[in-house]
Amino acid sequence: MTTIHVATDSPYDVHVGRGILVERLRASLGGARKLLVVHQPAMSRIADHLKEELGIEVLLAEVPDAEAAKRIEVAQFLWQIMGQADFTRSDAVVGLGGGAVTDLAGFVAATWLRGVRVLQAPTSVLGIVDAAVGGKTGINTEQGKNLVGAFHHPSTVIADLELVDSLPRNELLTGFAEVVKAGFIADPRILELLETRLDATTDPTTPEFAEAIARAIDVKAKVVANDFREHGEREFLNYGHTLGHAIELHERYRWRHGAAVSIGMVFAAELSRLAGRLPEAAVDRHRAILGSLELPMTYPVGRWQSLLASMRRDKKARGAMLRFIVLDDVAKPRVLEGPDESMLFMAYQSLAD
Ligand SMILES: NC(=O)c1ccc[n+]([C@@H]2O[C@H](COP(=O)([O-])OP(=O)(O)OC[C@H]3O[C@@H](n4cnc5c(N)ncnc54)[C@H](O)[C@@H]3O)[C@@H](O)[C@H]2O)c1
Ligand SMILES: O=C(O)C(=O)C[C@@H](O)[C@H](O)[C@H](O)COP(=O)(O)O
Ligand SMILES: [Zn+2]
């Protein structure tokens, strides 16, 4: 088992290993009398197993799959279960599933009684390397992605790689978009692994996969330890997300996050180049790596105005000023404030197929 420490003001560990879920959960109960296990349909057998094995009262709440879970109606359903079960501040929530569930479970934990503990048990690559770590929790609204949420640290993160065995290959690859993001903003070794040993790095049984995952978690852990509430460097974790989130809204949340962020990263790289920073070779490197993972990199030109309108609600915007994360080079992210609309459109046009 690998353990990565997240040194925030409320520190916790991220455990990554095989067959560790029950044992690590037991060790992390911290006096809870009741657990609410929020899970996706794909995790129902594992949730039943937890109910049998944990030796305390376990309430199971199956929620709709993927983004359909990140809705206020689903949060309301969970608050109702907690109310009916007299769920107190010494009890705890478990998020078991992909990033959609860990975001929802974290949000419900952050808001119930103004905050109860959440133990995150991510089961997708994306959940393990990104969503379950760092304490950003939230739900979507009809106006945009994650517009309602809270910062709420998990008390532990348990990534049991045995559960990842059932993750479909396309889901694994879309999750790698966030691994690539970690590579471009902070850790070029991740990019080298993907460029030189793609098959091994995307095979959950190999040391290359373990290394890429651990490195991506490490990038996130370090950033959130320095800037939990996103006053500064945490914004770098949003590389590719300004356009990515607008695409998710445009697609009515039927696309996977990683797919939208892949297009968003190509856009951000092109924008970096147009701003006179990133060399063209680094932009090509984005396309080569994301393409090798079969991730999308193009989007219809005619949707620009609608996407631009959605980007104005991005959390990094300040008043009328749009702000983007760009790269001066690999591992050198920075904020680009208020770029001309003509430059934005030019970057967007390069996404046309
Ligand atoms: N809070 C954060 O910091 C943060 C960071 C990154 C992403 N996110 C959020 O995470 C979400 C995306 O996460 P995701 O890509 O994991 O999507 P997801 O949770 O929708 O999971 C993708 C699909 O994989 C299935 N799945 C998950 N684990 C499985 C397993 N082990 N076996 C079989 N099927 C499995 C799910 O049921 C779903 O159909 C988005 O909502 C995004 O906004 C949050
Ligand atoms: O943890 C962060 O900070 C991130 O930006 C990580 C992103 O990968 C993630 O998708 C996050 O949910 C986006 O946050 P938002 O504040 O743009 O909604
Ligand atoms: Zn993301």
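Around ligand 2 in this predicted model, the shell residues divide into seven charged, four polar and one nonpolar. The residues that surround ligand 2 are Asp130, Gly134, Lys136, Lys145, Asn146, Glu178, Glu230, Arg234, Leu237, Asn238, His241 and Lys315. Because domain 1 (2–164) and domain 2 (169–349) both give residues to this shell, ligand 2 lies between them.

As for confidence, the chain has an average pLDDT of 98, with 100% of the residues scoring at least 70, and the model has an ipTM of 0.99 and a pTM of 0.99. Among the elements of the chain, the lowest mean pLDDT, 97, belongs to helix α6 (residues 161–164), and the highest, 99, to helix α4 (residues 99–111).

Turning to the sheet, seven strands form an open sheet with mixed pairing, in the order β1-β2-β9-β6-β5-β3-β4. Since β1 (2–6) and β4 (57–62) stand at the edges and each have a single partner strand, one side of each is left without a neighbour in the sheet. From one strand to the next, the twist averages 15°.

Strand β3 (residues 34–39) pairs with β4 in the parallel sense over six bridges, and Val38 stands opposite Ala61 in β4.

| Helix | Strands touched | Angle between directions |
|---|---|---|
| α2 (residues 44–53) | β3, β4 and β5 (92–97) | about 165° with β4 |
| α4 | β3, β5 and β6 (117–122) | about 170° with β5 |

Notes. Residues numbered from 1 in each chain as written. Chains lettered and ligands numbered in written order. Predicted model: local features only at pLDDT ≥ 70, side-chain atom pairs only at ≥ 80, totals over all residues. Near = placed C-beta within 6 Å. Nonpolar A, V, L, I, M, F, W, Y, C, P; charged D, E, K, R; others polar. Domains from an automatic or database assignment. pLDDT = per-residue confidence, 0-100. Helix = DSSP H or I, 4+ residues; strand = E, 2+ residues; numbered from the N terminus. Pairing = 2+ DSSP bridges. Axes fitted to C-alpha atoms, helices over the stretch in contact; angles between N-to-C directions. Contact = placed C-beta atoms within 7 Å.
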